[in-house]
Amino acid sequence: MIFKSINGRKTAFLFTVFLLFFYSSFGQDNDVIKGIVYDSNGVPLPGATVLIKNTSNGTTTNFEGEFEIKPNGNNKTIEVSYLGFKTQEITDTQKDLIIKLQPENNQLDEVVVVGYGSLKRSDVVGAVSSVNVDEATVIPTTNVAEMIRGRAAGVQVNLADARPGGNSNILIRGKVSLEGNDPLIIVDGVPYDNINDIAPDDITSIEILKDASSQAIYGSRAANGVILISTRRGEKGKFKINYHGFTTMQSLNKNFDLYSAEEFAQLRREANRTDNDEMYLDDATIFEPFELEAIENEDYVDWEDLILEDAVIQSHSLSLSGGGENTKVFSSLSYYDQDGLIPTSGYERGTFRINIDQRISDKFSLQSNINLQTSTQNAESTSLNFINISPLAKPFDEDGALVKFPLGEGNRTVNPLWNIREADNEIKTILTDLNLVGKYQFTPSFSYKLNAFSRSRNTQDNRYRSSLHSEADDISGSAVLRDVSYREYLIENIFDYNWTINSSNKLDFTAVQSVNQRKTSSNFIEKSNFANDLNSFNGDASVLRDSSRDLDQRRLVSFMGRVRYNLLDRYLLTLTARVDGSTVFAEDEKYGTFPAAAFAWKIHEEKFLKSSNVLNQLKFRISYGQTGNDGIPLKEAVGVADYIPYVFGGETASGFSPLTRIPNPNLKWETTTTLNTGIDFGLFRNRIIGSLEIYDSNTSDFLLNRVVPGTTGFQETRFNIGEVSNKGVELTLSGDIIRNKNLRWNTGITYSHNKNEITSLAGEKDPEGNLIDYPSQGLFIGAPINNIYQYVFDGIFQEGDDLENSPQTTDSFMPIAGDVKVKDLNEDGVIDDDDRKVISEDPKWFGAFNTTFEYKGFELFADLYVVEGAQRLNQFLADNAKGGTLQGRLNGIKVDYYLPESPSNRFPRPRTTNPSYLYSQAIQDASYVRLRTLSIGYNFTPDLLSKMGISSMKLYATATNLFTITDYKSWSPEINPDSFPDTKGLTIGFKIGI
């Protein structure tokens, strides 16, 4: 019905337009002003606005940049304007005009991409941050999220997986929900479910939408922010070929030491001494014969050094771009290959992209974007806790062959290298993106655009454990095969109308209707008892251990309208409303409406500031609006049963049983309401530019799981209860300290502070009238979503302390000197759950400092990233299975533990039993300062390049993660030692353009 209605209106509108054109063609005379509008390079500018000055009489240029306009009487002065260019006034209009517009030199007036369009930065009314792509792509990675880190205020990036082909988490202005806090990724106008599905060298711009006004146009999928990425496109002119290649050497990056073999042995001696009345036991009593032999022969193993090895990255990217009047093409081919620090780990990816812009006629144009990608990720096959294995080991026999049990036959700890050799973990992915955009320009002011997109991703995740692998040596090998198919389509109908009432009043309208579907299906098979190991997971197996198939499909239908008004190029107003309908909610709650409004005032355009030589740009912005979230699993609003077969009468019959979750037919949209105020400014001829943002965001109707009484027959359900608040301040500054012909020195700063707080939950109260928290889910009123609920470390008990009267002393236990001491927060003389404290994991602030020097052809870039006030629980300082209990059974992170001869007030005394309250001292300050990037390059001079027929050439060297200053003991302050190790690297790169 929607398309029938649109087609009917379209036909009527076209007929009306045809009659108007037919009528006007008979009334023309020769008293018209004609001309062609070019940019500064002589390229025609289609869509430039031409106005008779001080009137509403205007037109726009065609695809050749040509225009004709009839003057109003004797008023023949025209004004010509175009996005990103200076407006030009022409008084001599007696002949055919050749008009060249000059680009805006003002950085605040650069063109930025916003939802469904683009604007001059000075016309942006929402909180939009732009990322410097040239600086971002200095980092040698396919992880685009890491390229964004520190480039935009309010955007927090945390490393999730450091292995080759890994990813990072992006959080914009704090967590607004418990389910799905990832931002919406839009690439060339279509959604991407993975930001890393784009080759870095194909990116030409990155914009980040942070407030409700700029996000509202994308509705429910924008509740966590929007990242807009534009890829390169062909330009009119001769074809250009560009190549970019680099090689990177990666090595281990860490902030801790392990106990050496001698230190490890002494740790065990000290643990036994503590529990043996301060008497050291004989080594023969506490060490196995195998270990005694290693100690006697000093035959030790450094597992970290044995397993980890330096790794190499190679990247090559070749692109072709150019075109003529009607056809413009950009195409690229990229190859990326990364080895991992752990043997057999790696990532290989090939990407092909082609973007075509085709003009069919003066009114109709087509745009196609095709992105093809194939990748293979090989994962390691071993526990990443290899650092905990005793150094008193023998990984190889006398002949140099691997030993399965390096700690002796009596110890079942498996050699990590053995399992690595006996496994095959391969994830293959084929991705196909097809995007077709058709645009019809009914009039110079009115257009219709059809945006159609299809995404297909097929993933084969195959894992094999041979008959010698420790996980499958008793079942003759095992394999797990998982095929995952992801399909997404999007169809958008977009109408744009630009109405220039006169030179002082401009309006534009955008209307969008869209349908989006995402479907994921997976097949799972587990088999064992292989005839041999020759064919890995492709071999034949006689036992089918398990199999299943899953299907997940969700649809979203949306309607959006936006109005933008510009008065005197000084006062800007944007009104947006979007209605989304999602299949994850029940029948009566599927639709949500999300309005937003924004206003901006260009104060520098007022008379009292226009002539200022100090304050060149000053714009005040304020916005208020709502976005929604439907990021919950399917089927929670309806009842679902599991298939459970049973035997009846000697035969198998089909049966079904309800799931453990109670369906909630009243589930509705989670809504985030945001108030944002901002100031953009430019000082001293814009040598210093910046912006300040203050925001207050509140999420209501929190989609939260709740435990239900067991008497219901169920375990949990989901409700719309509770609220979460995010309040923060953001600052962005950039300044040209030196700016002349030969030398430019620029510095930039970003600063972000966000306070996340749960302001309400279910509203339930205990018998004393206090609001009830949800400790089992880690949710506490007045605390952030990311928190640690733990006792508060208060040092280490020392000799002379009153241990008998300590709150930790009970009838069955009394601490000793060297034990962990915790605070009695309520001072009741007893340590219990009431003495636990909620500790925020979120940083108090984070930011970045970067500087760029450019001297003639040389350039130097440095990037410093800072996180302050973050807290993390390091289980390697507390967990028994991770060497944190200081028993000397497992190796672990080396600490300055307590001894009577050298008391410590930070780490406890070793014991053969688990020390009490150990987790309280495992909470560490995860603040850090890191030199992320240091790059030096040389751009060859045009004089030299012209002789070789080359347009550009650059050599560069880049060091990444050169140093990290932190108290957090791990590979990185953002991951623990049981994660894939983080790296530092040295890159040599080369770029050339022909």
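A search of the whole structure finds nine cavities of 30 Å³ or more. The structure is a predicted model, in which local features need pLDDT of at least 70 and side-chain atom pairs count only at pLDDT 80 or more, while totals for chains, interfaces and linings use all residues. Residues are numbered from 1 along each chain as its sequence is written, and side-chain values use heavy atoms, with hydrogens and water left out.

On a 1 Å grid over the protein atoms alone, a cavity is a set of points where a 1.4 Å probe fits but cannot get out; a pocket is an open set with protein on both sides within 12 Å along at least five of seven lines, and lining residues have an atom within 4 Å of a point. Grid points are joined across faces, edges and corners, and a volume is the space filled by probe spheres set on the points.

The largest cavity has a volume of about 470 Å³. Its lining has 31 residues, and those closest to the centre are Thr 141, Glu 146, Asn 961, Asp 982 and Thr 983. Two or more lining residues come from each of β17 (237–252), β19 (327–339), β49 (928–939), β50 (952–966) and β51 (983–993); helices (H or I, at least four residues) and strands (E, at least two) are DSSP runs, numbered from the N terminus. By class, the lining of the largest cavity holds nine nonpolar, 13 polar and nine charged residues, where Ala, Val, Leu, Ile, Met, Phe, Trp, Tyr, Cys and Pro count as nonpolar, Asp, Glu, Lys and Arg as charged, and the others, Gly among them, as polar.

The second largest cavity contains about 190 Å³ of space. Of its 19 lining residues, Thr 141, Pro 200, Asp 201, Ser 315 and Tyr 336 lie nearest the centre. This lining divides into seven nonpolar, ten polar and two charged residues.

Turning to open space, the second largest pocket holds about 1500 Å³. It is lined by 50 residues, with Asp 182, Tyr 192, Asp 193, Asn 194 and Arg 457 the closest to its centre. Strand β21 (residues 364–378) supplies the largest share of this lining, four residues.

Leaving out residues up to four places away in sequence, Val 895 touches Tyr 259, Leu 877, Leu 886 and Phe 907, contact meaning heavy atoms within 4.5 Å.

Thr 852 lies in strand β45 (residues 845–855) and is buried, at 8% relative accessibility; buried means under 20% relative accessible area, exposed over 50%, and partly exposed in between (1.4 Å probe, protein chains only). Although Thr 852 and Trp 745 are 107 residues apart in sequence, their C-alpha atoms are 5.7 Å apart in space. Ser 691, in strand β36 (residues 688–700), is also buried, with a relative accessible area of 15%. Beyond neighbours within four places in sequence, the contacts of Ser 691 include Arg 621, Phe 681 and Thr 732.

Finally, three strands form an open sheet of mixed pairing, in the order β34-β38-β37; two strands pair if DSSP finds at least two bridges between them. Five bridges join β37 to β38 (residues 716–720), and these strands run antiparallel.
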